[in-house]
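Q: Please take a close look at one part of this structure. I would like a connected account of a single position and of what surrounds it.

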Amino acid sequence: MHKFYKEIRLVKNLRNFTQTGITDPIVKIAVSFADSADLPSKIQNLRQKLDPQLTSLSSGFNTELIGFSHVDKASALKLLMANYRVAPAELVTFGDNENDLKMLQMTPNGYAMKSGYPIVKEVTQHQTRFDNDHDGVLDVIESLL
């Protein structure tokens with residue numbers, strides 16, 4: 001987890017979250033599950049219990065990201081694109097998991113990573129030749145330049 005997140009604080013029970021002393025604004029909460037055969041049912045159970053304003057998306061490694069339904073990678077990119085006057089066709093996106101889907105669909109230049117989940121490959125028009133560990137993104141960027 002420390003590879004992906006700068007500061008991690010273990011919260012044993014989300015119901016007691018306000019007692020943790022965390023005062024930073026919360027954008028997303030990552031919930032990681034141990035490997036188990038019933039992982040899909042655990043994730044489905046989690047999603048059913050969420051407030052309608054919240055969503056849960058897989059980010060790989062048995063981790064669900066819980067956040068506001070209207071805030072995702074695509075909404076962030078749309079703000080940047082408006083600010084810098086970038087059209088969707090000028091944007092190239094890369095992704096490998098469920099939390100990347102909207103971002104990948106917002107441009108005709110969305111690339112699923114070779115090692116990406118099947119659903120990601122289904123919604124993109126392109127796929128990298130190599131995976132995350134073998135410079136798949138760099139390979140595409142070099143070919144586009």
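A: Met103 counts as buried because its relative accessibility is 9%; buried means under 20% relative accessible area, exposed over 50%, and partly exposed in between, with a 1.4 Å probe and protein chains only. The model is predicted, so local features need pLDDT of at least 70 and side-chain atom pairs count only at pLDDT 80 or more, whereas totals for chains, interfaces and linings use all residues. Residues are numbered from 1 along each chain as its sequence is written, and side-chain values use heavy atoms, with hydrogens and water left out.

Met103 lies in helix 3, residues 101-105. Helices (H or I, at least four residues) and strands (E, at least two) are DSSP runs numbered from the N terminus. Leaving aside residues up to four places away in sequence, Met103 touches Lys73, Ala74, Leu77, Thr93 and Phe94, where contact means heavy atoms within 4.5 Å. Between Met103 and Val92 there are 9.7 Å from C-alpha to C-alpha, and the two are 11 residues apart in sequence.

To which group does Met103 belong? It is part of the largest nonpolar core, whose 6 residues are Ala74, Leu77, Met81, Leu91, Met103 and Met106. Such a core is a set of buried Ala, Val, Leu, Ile, Met, Phe, Trp, Tyr and Cys residues joined through side-chain atoms within 4.5 Å. Helix 2 supplies the largest share of this core, 3 residues. In soluble globular proteins, nonpolar side chains tend to be buried together.

The buried residues of helix 2 are Ala74, Leu77 and Met81. These residues cover an arc of only 60° around the axis, so they are on the same side of helix 2; the arc is that of the directions from the helix axis to the C-beta atoms. The face turned away from this buried side carries Leu79, Ala82 and Asn83, which are exposed. Strand 4 (93-95) and helix 3 are among the elements that cover the buried residues of helix 2. For Ala74, the contacts beyond four places in sequence are Lys102, Met103 and Met106.

At its start, a side-chain oxygen of Asp72 comes to within 3.1 Å of the backbone nitrogen of Ala74. Just after helix 2, Arg85 adopts a positive phi of about 55°.

Strand 4 is joined to strand 5 (residues 110-112) by 3 bridges, and Gly95 stands opposite Ala112 in strand 5.

The loop between strand 4 and helix 3 contains Asn99. Asn99 counts as buried because its relative accessibility is 15%. Its contacts beyond four places in sequence are Leu57, Ser58, Ser59, Leu65 and Lys73. Lys73 is also listed among the residues that Met103 touches.

Definitions and conventions: A polar contact is a pair of N or O atoms within 3.5 Å; within protein, one must be able to donate a hydrogen and the other to accept it, and residues adjacent in sequence count only if both atoms are side-chain atoms. Two strands pair if DSSP finds at least two bridges between them.
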